[in-house]
Amino acid sequence: MHLRPILALNNLLFLPVLKKIAILLLFCPLWAAAQNFTISGYVRDKSNGESAIGANVYVKEGMTGTATNTNGFYSLTLPAGKYTLVCSYLGYDSYTDSIDLQSNLSRNISLAPLGKNLAEVEITGEKTDDNVQSTQMSAVQLDIVQIKKLPAFMGEVDILKSIQLLPGVKSAGDGNSGFYVRGGGPDQNLVLLDDATIYNAAHLLGFFSVFNGDAIKNVNLIKGGMPAQYGGRLSSVLDISMREGNDQKFQVDGGIGVISSRLTVQGPIVKDKLSFIVSARRTYLDVLSKPFFKYIRPKSEFKGSSYYFYDVNAKLNWKISDKDRLFLSFYNGKDIFDFKDTESSFNAHVPWGNTVACLRWNHLYNAKLFSNTSVSYTNYDFSFTAAQSGFELTLFSGIKDYTAKHEFVYIPNPRHQLRVGVNYIYHTFTPSNVSARQGETTFDIGKIIRLYSHDAAAYISEEWEITKRLKVNAGLRFSYFAQVGPFTRYVKDQFGRTSDTNVYKPGKKVIDYSGLEPRASVRYSLTKTMSVKASYTRNYQYIHLASISSVSLPTDVWMPSTELIKPELGNQYALGLFKNFHKDMFETSVEVYYKTMTNQIDYKEGAEPQDNVFDNPDNAFTYGKGEAYGAEFFVKKRTGKFTGWIGYTLSWTWRQFNEINYGERYLAKYDRRHDGSLVITYDPNPVWNFGLVFVYGTGNRGTLPNGLFAYEGGVSYDYGLRNSYKFPDYHRLDLSATYTPDREKQLARKHARMERRYARKGKDLSTIRLPRSWAKNYQGSWTLSVFNVYNRHNPYLIYFDAQGDFLKGNYTVKGKQVSLFPILPTVTWNFKF
Amino acid sequence: MMKNATQRYLKPLAYGMALVLAVLCASCEKDIDIKLPAYKEKLVVEASIETGKTAQVLLSMTAPYFGNVDLSDPSRFFVKGAFITITDGLVTDTLKELDPSTGYLYLGTKIFGQVGKSYLLTVKYNNETYTGVTNILNPIPLDSIYFKAERDTFGFCWAHLTEPRGQGNCYRWFAKRMRDQFFVAPYNSAFDDKFVDGTSFDFSYERPPQPGERDGYSDQPNAGYYAVGDTVIVKFCTIGNAEYLFWRSYYSNRSSNGNPFAAPANIQSNVTGGNVIGSFCGYSPSFDTLVIKK
């Protein structure tokens, strides 16, 4: 079975054609005739060897420069001459050096983390204006250091929660997993961890993301203007890079919190060459809740319920030589939720999780050309088992991918960057499958349905600085998708009953789709600190997530495109104005976007999970269109004692399905007219640091019954128009304070105490040795986090509680709201050595 | 030394844990005032015709779900003075209101249901016209019915059916004991042949409450059971596909009552004309009697 996907890859006819185009471009006279040389190398953190991603490397003369890529590599081709080379990166002291470029130069740069004095940071260069200069619009890069300063929910730093504080990115509300970018559904975001896809990026109900902050280095979110190297999703890319592991010395960090604890161990196996990092995290609500329920709340309906999750991240980073690097990364996480209702003998067991592994090879052909090759594996699975009085029902689903990617990047000079690459994924989907048992009898619910497909793409993109003012990034992506057997299609008669079956043998093509996806973005600089950008992207999405209820649950199922489910198509237009103030201390932007989406899927009205049995799951879907538009405002303060941002989005998200809501257009459940966030971090000195987060969003939308009536002796409901009800608005304030004792002072005080004691006992002061538990490198800190400071009861669910008999005239209805999180304080102790 | 350090750090954590747990478990639920959009009432049509009987139509209006509505008198929602006709293509019958002062129940007089015939129902009320179409299909009989005790002398009524292959049949089960007044359909009493097409199988239904027993029925001892000594009459009806889809969506709608995790189940009416909910269902019964002996 593994050979077939590779054969399919070789059959892609366009691959040799693209290689020819790439070679032709190499010989095009695109640059000046003067003798040019290239200075290149790697930029890394001096203290631990971590590559610096997105560091600015430029020369003061002519203000030409570039940024380091995900490996920390930069390449700058300039005419021969003398230059002042500067490298700057937020959080580090700038690097400056004079160079005389008379031949190709290899220069690796080690940056020192900022000194302890955190007073006004001086910006030595002017290249920290990336948001104005780059063609990439609608993108935000978040540094893990920034994320760690924000108030942490339950003591856990959370990347998903942090990106939801940016304009254009909405959370689904408390307890709902997934996030929405510019009106797109939760399945329209490509989440990558070191090149491998993650399908369900959240632990239970979205309280925590699967990303352990200690293992992550960099987070890049692209909301629009998606460049051609990414595809397969309509709305966004969340590209997360793991840390590489300290290649200088052994390091342990961790934290013990009220709900969860984490530990990270990293270090060099061979200094400067081979390093590793292993991070693990576990919650222990299950261990704590058992005694709690036994002694304190024995009558609670939750007694006997438990929940915990764990995750493990590991990475091996091998710098084989200056030309070759190899990375192996791994992630495994699992959530287990157990519910036991002691009264009715009903119990449920719900495990789910992701496993991801990726091997990546980075090769430098020369200073201008390098390539990235990776192979990865990802598996997401979920099951729900409910049992009562000997009857047991299990619902399970999952998705498994084998992926291979290869890309060439060619940087002939600072004004051009060419990328050519191919991607291939072999998907195995297990959409909702059901098995049932009564005592000893197993019910026959048919074979397990599995769906197989090939998903491939080839792209070429070029970033071209046409003039100093005008820069263009243009790309073309060609994508192809084929569903293959083994597969059985149940052909339906006019009653919807199965009249015939079409059986496809393993590997045989059932249906295929392909399309061209042009991508373009343009940046025009109005002044040195102000630019206007525009972008247009066209995306195909071949895999879909169908959600059966209005509240998102892990029961949501991934499906490939089939004969009935056509690929989703998105077109996004964006326009933005970007301006930096006060020497890049303030970054501001205004962006407007308009997006159309076709072939959106949803369950037919009245669909039930058992419709799947002896049937193709895609018969339960109906298809329609989506339209989203809005404006995003963003002001960010990057440096100083106070840093943070304020973001506001005004947006509309519509859906129109012929078979839903009588074919009338309706607002999506996650339509949120106003969405605002305020984030402030205050670092008055190295010992104290404070964080504040305030969010405000218009409530989600839902469908509630608008009328009731009696029918055959029972009460029935007349539901209102789809999503015509708006939930109460969501708002919340979180605060945090972190205390990091000054280690030097602590050691000095300890030494002084020991001196006094030795003096009292008449001991020789020169024999004073600090005990081992006071290791010099140890650093501890305490964080106090309060979530939802003013205890706002944000709605999670709204439902009606009806009592009495309508026909007897004593029928009463009460509206009820369930909220999840009242005010929640947590304390975490963090340590590092 | 290390032990003291550990104690020093972990004690505040332990207090913190207990506090958070206590707070977590008190997940908040409260009453709220829900503001629903302005509501336009719909006409509710509960209409049926069966072999050997005339058409029967119950007509009422929906009530706004939430807000200042007086629900103390359900007869406020009964519809009076509607003009209802039924035709089989040859003869047209005007239904008569049983009690013009209350309205609600309309009965046919001239047309009696016959196997193989199609019927068109027309309701004219408040300057609107609503129509529904149904058929009385060929009745599929049960092979047999029998009693299986669950608890002492109480149990369910079981049936054995050989389902004809490839006909796309749908069914609805009604039953009553000899001493009961009405045939009542239990919960989820309609099914199609999707899983059972062409197979021979057994199934059972519980005993549903008679209209007078509904109040507090589930608290009764032995609720839902038939007892030794009962004589049960089963009216097993064959119905059409559109009618089955109505009943399926109707039961889905009733069970999604207040359940916020379920997709809102709109009822798939087979009566059309605008602001209307309901069905016009043609039943083709076959009867079986079961005497539950000791």
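Tutor: The model is predicted, and the labels below are checked against their cut-offs.

Student: Let us start with rings. How many aromatic pairs are there over all chains?
Tutor: The structure holds 54 of them.

Student: Why is the pair A:Tyr629 and A:Trp652 called stacked?
Tutor: Pairing needs ring centres within 6.5 Å, and stacking needs planes under 30 degrees apart. Here the centres lie 5.6 Å apart and the planes stand at 25 degrees, so the pair is stacked.

Student: What makes this pair a tie between separate parts of the sequence?
Tutor: A:Tyr629 sits in strand 36 (residues 621–637) of chain A, and A:Trp652 in strand 37 (residues 642–657) of chain A, so the pair ties together parts 23 residues apart in sequence.

Student: Why is A:Tyr629 called partly exposed?
Tutor: Buried means under 20% relative accessible area, exposed means over 50%, and partly exposed is in between. A:Tyr629 has 25%, so it counts as partly exposed. A:Trp652 has 28%, so that residue counts as partly exposed too.

Student: Why is the pair B:Phe156 and B:Tyr225 called tilted?
Tutor: Under 30 degrees is stacked, over 60 is edge-to-face, and the rest is tilted. The planes of B:Phe156 and B:Tyr225 stand at 35 degrees, with centres 5.1 Å apart, so the pair is tilted. The two residues are 69 apart in the chain. B:Phe156 is in strand 12 (residues 154–162) of chain B, while B:Tyr225 is in the loop between strand 15 (200–205) and strand 16 (226–227).

Student: Is B:Tyr225 buried or exposed?
Tutor: B:Tyr225 has a relative accessible area of 17%, so it is buried. The cut-off is under 20%.

Student: Which residues form one aromatic cluster?
Tutor: A:Phe709 and A:Tyr711 come from chain A. B:Tyr187, B:Phe246, B:Trp247, B:Tyr250 and B:Tyr251 come from chain B.

Student: Now salt bridges. How many are there over all chains?
Tutor: The count comes to 38.

Student: How do you know that A:Arg360 forms a salt bridge with A:Asp195?
Tutor: The rule asks for a side-chain nitrogen of Lys or Arg within 4 Å of a carboxyl oxygen of Asp or Glu. The closest N and O atoms of A:Arg360 and A:Asp195 are 3.9 Å apart. A:Arg360 lies in strand 21 (residues 346–366) of chain A and A:Asp195 in the loop between strand 12 (189–193) and strand 13 (196–197), so the bridge ties together parts 165 residues apart in sequence. Both A:Arg360 and A:Asp195 are buried.

Student: What makes A:Lys217 and A:Glu244 a salt bridge?
Tutor: Their side chains meet at 3.3 Å, N to O. A:Lys217 is in strand 14 (residues 216–222) of chain A, and A:Glu244 is in the loop between strand 15 (236–242) and strand 16 (251–257), 27 residues apart.

Student: Why are A:Lys217 and A:Glu244 called buried?
Tutor: A:Lys217 has 8% relative accessibility, so it counts as buried. A:Glu244 has 2%, so it counts as buried as well.

Student: How do you know that A:Glu627 and A:Arg665 meet in a salt bridge?
Tutor: Their N to O distance is 3.4 Å, and the limit is 4 Å. A:Glu627 lies in strand 36 of chain A and A:Arg665 in the loop between strand 37 and strand 38 (666–667), so the bridge ties together parts 38 residues apart in sequence. A:Glu627 has 23% relative accessibility and counts as partly exposed. A:Arg665 has 44% and also counts as partly exposed.

Student: Which residues are linked in a network of salt bridges?
Tutor: A:Arg44, A:Asp247, A:Asp272 and A:Lys319 are linked that way.

Student: On to the surface. Which residues form a nonpolar patch?
Tutor: They are A:Ile269, A:Val270, A:Leu316, A:Leu328, A:Leu359 and A:Val375, with about 480 Å² of accessible area together.

Student: Why is A:Val270 called partly exposed?
Tutor: Its relative accessibility is 42%, so A:Val270 counts as partly exposed. A:Val270 is in strand 17 (residues 260–270) of chain A.

Student: Why is B:Gly229 called exposed?
Tutor: Exposed means over 50%. B:Gly229 has 56%, so it is exposed. B:Gly229 is found in the loop between strand 16 and strand 17 (231–239) of chain B.

Notes
Residues numbered from 1 in each chain as written. Chains lettered and ligands numbered in written order. Predicted model: local features only at pLDDT ≥ 70, side-chain atom pairs only at ≥ 80, totals over all residues. Heavy atoms only, no water. Phe/Tyr/Trp six-rings, centres within 6.5 Å; stacked < 30°, edge-to-face > 60°. Helix = DSSP H or I, 4+ residues; strand = E, 2+ residues; numbered from the N terminus. Buried < 20%, exposed > 50% of the residue type's maximum accessible area, 1.4 Å probe, protein only. Patch = residues over 30% accessible without salt bridge, like charges linked within 9 Å, V, L, I, M, F, W, Y side chains within 5 Å. Areas by Shrake-Rupley, 256 points an atom, 1.4 Å probe, with all protein chains shown as cover.
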